[in-house]
Amino acid sequence: MLLGSTQGALAALYETLQASALLLFTDPTQLSPGQAVLVGGSVLFVGTVLRTVWGTDGQRRNKVKSRSEFTPVYYHTWPPVKAIPCLSPFGMKLETYLRMADIPYETVYGLSMGPKGKVPWIEYNGEAMGDSGLIIEFLNREKGVDLDQILSDTDKAVSRAFTKMLEENTFWGGVRNRWINNIDKLQEVVAPWTAPRIIMFLLTRSARSNVRRKLWTHGVGRYSRDEIEGILEKDIKALSHFLGTKPYLMGDEPTEVDAAAFGQLSVACCAFPGIYLERLVTVDCPNLQAYFNRNRTAIGQTGTS
């Protein structure tokens, strides 16, 4: 009898919390004081759980020190999602580079951010480092790697231009297309992340609000949906036309720009099926779909493995 009463009370609490959370994001003026306290307490609880599970900056620094005697690269990224190992295109880029360069690494899954407040990040020789581009430059020096050694100075300039187009322009259009226009698909995308439904609801809406602010600050959040899709179309078709029938963007051998392109295309092709960006790559630019599949096979990257 007591068990049944407890379960009933928890179910009622869950329904109240779910309704309150919905009001918070649709019409917060309708929240009663009691509902506001309930939602606020839940958010604090979720935050405490996340800090306990994934750690704070101070805990991260201690963790780095405790591993200082090891030399492998510790690659920190978000947990795998349904279709790909990482929802961040920069995480996919960095892991692709590590595989292309044959650099041993150990994956550390979590939601903690790196020194620059970003994912992915690495630990190496007791030091933490963020930003995928800076990490690659560091590992090139540290490991004596140069995937671009076959390129001329002109080719290197073209390679950098495409990398920056994809990461500073295409990326933000993709963020808008996924996190704002198709946020309803996120729950299915992160299905492997086991968490109570209400917690995922709160995290999803909180993430969307944060993304919306970043997009507005960047400027791309001020454009209409048609304008964003026009920008994405020009970028993706430019990449497609430049690739043509070549195996890789710069010729017959993979280079650093292929890691960057693969990272962006991984999320475009796999993460949110049916959205505009996915159709643009897979239907309008089939050579990019073939290029993505070819790279995925070459580095042994499949599903969430």
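In strand β3, tryptophan 121 is the bridge partner of histidine 76. That pair is a handy way into this model, which is predicted.

- Strand β1 covers residues 73–77 and strand β3 covers residues 121–124; three bridges join them, and they run antiparallel.
- A bit of background: strands of a sheet pair through backbone hydrogen bonds, and they can do that either parallel or antiparallel.
- Zoom out and you'll find an open sheet of four strands, in the order β2-β1-β3-β4. The pairing in this sheet is mixed.
- Which strands sit at the edges? They're β2 (105–109) and β4 (127–130), and each of these pairs on one side only.
- Going from one strand to the next, the twist averages 25°.

**Helices on the sheet**

- Helix α4, made of residues 89–100, packs on the sheet and touches β1, β2 and β3. The direction of α4 makes about 155° with that of β1.
- Helix α5, made of residues 132–143, packs on the sheet too, touching β1, β3 and β4. Its direction makes about 30° with that of β3.

**The cavity**

- The largest cavity has a volume of about 60 Å³.
- Its lining includes Leu166, Phe171, Arg178, Ile236 and Leu277.
- Two elements, α6 (153–180) and α10, each give two or more residues to that lining. Helix α6 gives the most, with five residues.
- What kinds of residues line the largest cavity? Six are nonpolar, three are polar and one is charged.

**Proline 254**

- You'll find proline 254 in the loop between α9 (225–243) and α10 (256–271).
- Is proline 254 buried, exposed or partly exposed? Its relative accessible area is 28%, so it counts as partly exposed, because that class lies between the 20% limit for buried and the 50% limit for exposed.
- Leaving out residues up to four places away in sequence, proline 254 touches Met100, Leu147 and Tyr248.
- Proline 254 and isoleucine 150 are 104 residues apart in sequence, while their C-alpha atoms are 9.8 Å apart in space.

Note on methods
Residues are numbered from 1 along each chain as its sequence is written. This is a predicted model: local features need pLDDT of at least 70, side-chain atom pairs count only at pLDDT 80 or more; totals for chains, interfaces and linings use all residues. Side-chain values use heavy atoms; hydrogens and water are left out. Buried means under 20% relative accessible area, exposed over 50%, partly exposed in between (1.4 Å probe, protein chains only). Contact means heavy atoms within 4.5 Å. Two strands pair if DSSP finds at least two bridges between them. Axes are lines fitted to C-alpha atoms, for helices over the stretch in contact, and angles run from 0 to 180 degrees between N-to-C directions. On a 1 Å grid over the protein atoms alone, a cavity is a set of points where a 1.4 Å probe fits but cannot get out, and a pocket is an open set with protein on both sides within 12 Å along at least five of seven lines; lining residues have an atom within 4 Å of a point. Grid points are joined across faces, edges and corners, and a volume is the space filled by probe spheres set on the points. Ala, Val, Leu, Ile, Met, Phe, Trp, Tyr, Cys and Pro count as nonpolar, Asp, Glu, Lys and Arg as charged, and the others, Gly among them, as polar.
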